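Let's take a walk through this one, from the aromatic rings to a helix and a hairpin. Keep the 3D view open as you read.

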Amino acid sequence: MLANQLITTHYPTVEPDDKISLALQLMEDFDILHIALVDHNKYLGVISKDDLLDANDNASIKVALGGMLQKAVRPSEHFLTALKLASQNNLSMVPVVNNEQEWVGAIPATELLKAAATFTGAEEPGAVIILEMERKSYSFGEISRLVETNDAYITQFNTFFENETGLLIVTIKINKLEVSDILATFQRYEYSVRYFMGEEQYENELRYNYDHLMSYLKI
């Protein structure tokens, strides 16, 4: 998914000679925390509401440019680049400009969140299993094979190195909720399961038997 698929073109912009009060009013009207500064459609940067609140309302915006962020993304860049920019700078929107540094529009943080949910498959049903291991023990092929031996397959896969423990954390999402057989297989092959989010058949059977016993005792 590219940035140009998420662009909103109705975001307001301001120019250096505009009053700070105007920028604050636009932010209030559009319920945004950042606004782009342009000069004859040339993108100059993005200003936060906090920076403007610290300045005189009647002054022009150009007196409050000390904290201005000048970064932006191109329409052809992957949305993950925009997501990274938003995360690193705590942006409520990501500016999008063309190769001539002209303002194209913005990507709201809410749209980035929706795109990330789609990209990671968070909206799709399925269990999540988190494994921890030494880096040298990692094998995507084996992990995938062990899942597939239980009539399931991986729909999402992510890894990151945890500095605190020195372990590789592997997060997998599978296409079904019941995970007891898969967990047993991982444990049999000496994989350490940190935690999981799904259903275990054995726990379900225990709950059924418990409920059945309680119903019998109430008779």
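Does tyrosine 191 count as buried or exposed? At 9% relative accessibility, tyrosine 191 counts as buried, where buried means under 20% relative accessible area, exposed over 50%, and partly exposed in between, with a 1.4 Å probe and protein chains only. Before going on, note that this is a predicted model: local features need pLDDT of at least 70, side-chain atom pairs count only at pLDDT 80 or more, and totals for chains, interfaces and linings use all residues. Residues are numbered from 1 along each chain as its sequence is written, and side-chain values use heavy atoms, with hydrogens and water left out.

On to the rings. The structure holds five aromatic pairs; rings of Phe, Tyr and Trp (its six-membered ring) pair if their centres lie within 6.5 Å, and planes under 30 degrees apart count as stacked, over 60 as edge-to-face and the rest as tilted. Take tyrosine 43 and tryptophan 103: their ring centres are 6.3 Å apart and their planes sit at 25 degrees, so this pair is stacked. It ties together distant parts of the chain, with tyrosine 43 in strand β3 (residues 42-48) and tryptophan 103 in strand β5, 60 residues apart. Helices (H or I, at least four residues) and strands (E, at least two) are DSSP runs, numbered from the N terminus. Both tyrosine 43 and tryptophan 103 are buried.

Tyrosine 191 has a ring partner too: phenylalanine 186, with centres 5.6 Å apart and planes at 70 degrees, so that pair is edge-to-face. Phenylalanine 186 is buried as well, at a relative accessible area of 0%.

Now for helix α3 (residues 79-89), where Phe79, Ala82, Leu85 and Ala86 are buried. These four lie on the same side of α3 because they cover an arc of only 120 degrees around the axis, taken from the directions from the helix axis to the C-beta atoms. The face turned away from that buried side carries the exposed Lys84, Ser87 and Gln88. Just after α3, asparagine 90 takes a positive phi of about 55 degrees.

Last stop, the hairpin. Strands β7 (residues 154-162) and β8 (residues 167-174) pair in the antiparallel sense over eight bridges; pairing requires that DSSP finds at least two bridges between two strands. Four residues separate them, and glycine 166 in the turn has a positive phi of about 75 degrees. Phenylalanine 157 stands opposite isoleucine 172 in β8, and Phe157 also forms one aromatic cluster with Tyr138 and Phe140.
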